[in-house]
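Reader: I would like to go through this model with you, beginning with the ligand site. Could we start there?

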Amino acid sequence: MNHATVIGTGSCLPKRIVTNRDLERIVDTSDEWITSRTGIKKRRIAGAGEENFQLASGAAQQAIEMAAVAADEIDLILVATFTPHMTMPSCACFVQAEIGAENAFAYDINAACSGFLYGLDLADKYIAANPDMKILLIGSETLSARVNWQDRNTCILFGDGAGAVVIGSSSDRGVRAVNLYSDGRLWNLLYMNSAKSMNPELQQDQHGCQIEMSGRDVFKFAVRSMEEAIRQLLRRENLTVDDLALVIPHQANVRILNKLSERLSIPKEKMFVNVDQYGNTSAASIPIALDEANRQNILHGDDTVLLCSFGGGFTWGALLMQW
Ligand code: ACO
């Protein structure tokens, strides 16, 4: 059976860097508080010409170049995002036009911070059905457009950016096993309302058109659920932490990652962390980290790599791949 395997990676970050000190001038916070509670030191914030689809396209161009495929050889474009600049058409259709992938079909998926993992699982299923496919999978967010810049509980956490992978097929590498979960009953611990309803019968509470979050609950649930997802996956695959070359988790908060390391006895050097540089970029965080790890030559042929994520929904999961 053929599996989805990464043949190129790319990323695109906005030019503007916003440090914790910059945020001290916007809300009542401090570099010390943000660093000690989250590990975040800076984040990138989009400016003119850096809409979600433009960041996504920038990341896509890099991944396509590395994969050495032509844009018109791409069969499918999937963009994981919950902050598209338009709800319709999809961000993926904008990317298609931008990069000239005229033979692709294209659509967005929304699983919040778990979007890239869900997308990789989806790509794996397409590849199993049709091993000749070339799939462009992107995680891209402009969270700065949807946070309340007066709310110090949330605005300090997030950043903008995009990461992309080109996926081909292999019978001995690629996605090896995956565990995905959702629990919609817990939606109100982390959510963002959509645009105002024009139907008075469906008039929703306009509160919460920005990201709303119950930080402590999210923290506890994120640690517990990712830990369990990873344990189950390793058990099922007959692997231990010693078999893993690298863990690339969703980059939300360094304290969440430290807790995961502690509970699962993952050595610090096996846990890829760049949340200090970019903050939480939601669906973009794993592909940005994957691209960095790839370009730093941290990943080697046949390494076993574990990806894990947690986000709004709640959605969460873990995925193993042979690099
Ligand atoms: N600067 C200074 N003080 C702050 C700030 C800030 N930016 N934000 C909150 N505080 C204050 C609070 O008002 C509170 O003050 P009080 O005691 O006078 O009421 C105090 O700090 C403690 O607040 P808590 O919310 O209890 O702080 P906590 O230690 O839980 O840290 C945090 C908050 C960082 C949000 C943490 O709960 C967290 O990281 N949760 C996970 C959230 C997350 O990662 N969400 C992203 C989306 S989901 C995902 O990607 C996994």
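**The ligand shell and the aromatic cluster**

Author: The shell around the ligand consists of ten nonpolar, seven polar and five charged residues. Please keep in mind that this is a predicted model.

Reader: Which of the 22 residues around the ligand come nearest?

Author: Those are Thr29, Arg37, Arg216, His250 and Asn253.

Reader: Which elements give two or more residues to the shell?

Author: Helix 2 (31-38) and helix 6 (215-236) do. Helix 6 gives the most, with four residues.

Reader: What do the domains give to the shell?

Author: At least three residues come from each of domain 1 (3-171) and domain 2 (176-322).

Reader: Let us change topic. How many aromatic pairs are there in the whole structure?

Author: A search of the whole structure finds ten. One of them is formed by Tyr181 and Trp316, with ring centres 5.4 Å apart and planes at 10 degrees, so this pair is stacked.

Reader: Where in the chain do Tyr181 and Trp316 sit?

Author: Tyr181 is in strand 8 (residues 174-182) and Trp316 is in strand 13 (residues 315-322). The pair links distant parts of the chain, as the two residues are 135 residues apart.

Reader: Is Trp316 buried or exposed?

Author: Trp316 is buried because its relative accessible area of 10% is under the 20% limit. Tyr181, with a relative accessible area of 23%, is partly exposed.

Reader: What about Phe310 and Trp316: how are their rings arranged?

Author: Their centres are 6.2 Å apart and their planes are at 35 degrees, so the pair is tilted. Both Phe310 and Trp316 are buried.

Reader: Which residues form one aromatic cluster with Trp316?

Author: Tyr181, Phe221, Phe310 and Phe314 form one aromatic cluster with Trp316.

Key: Residues numbered from 1 in each chain as written. Predicted model: local features only at pLDDT ≥ 70, side-chain atom pairs only at ≥ 80, totals over all residues. Heavy atoms only, no water. Phe/Tyr/Trp six-rings, centres within 6.5 Å; stacked < 30°, edge-to-face > 60°. Buried < 20%, exposed > 50% of the residue type's maximum accessible area, 1.4 Å probe, protein only. Near = heavy atom within 4 Å. Nonpolar A, V, L, I, M, F, W, Y, C, P; charged D, E, K, R; others polar. Domains from an automatic or database assignment.
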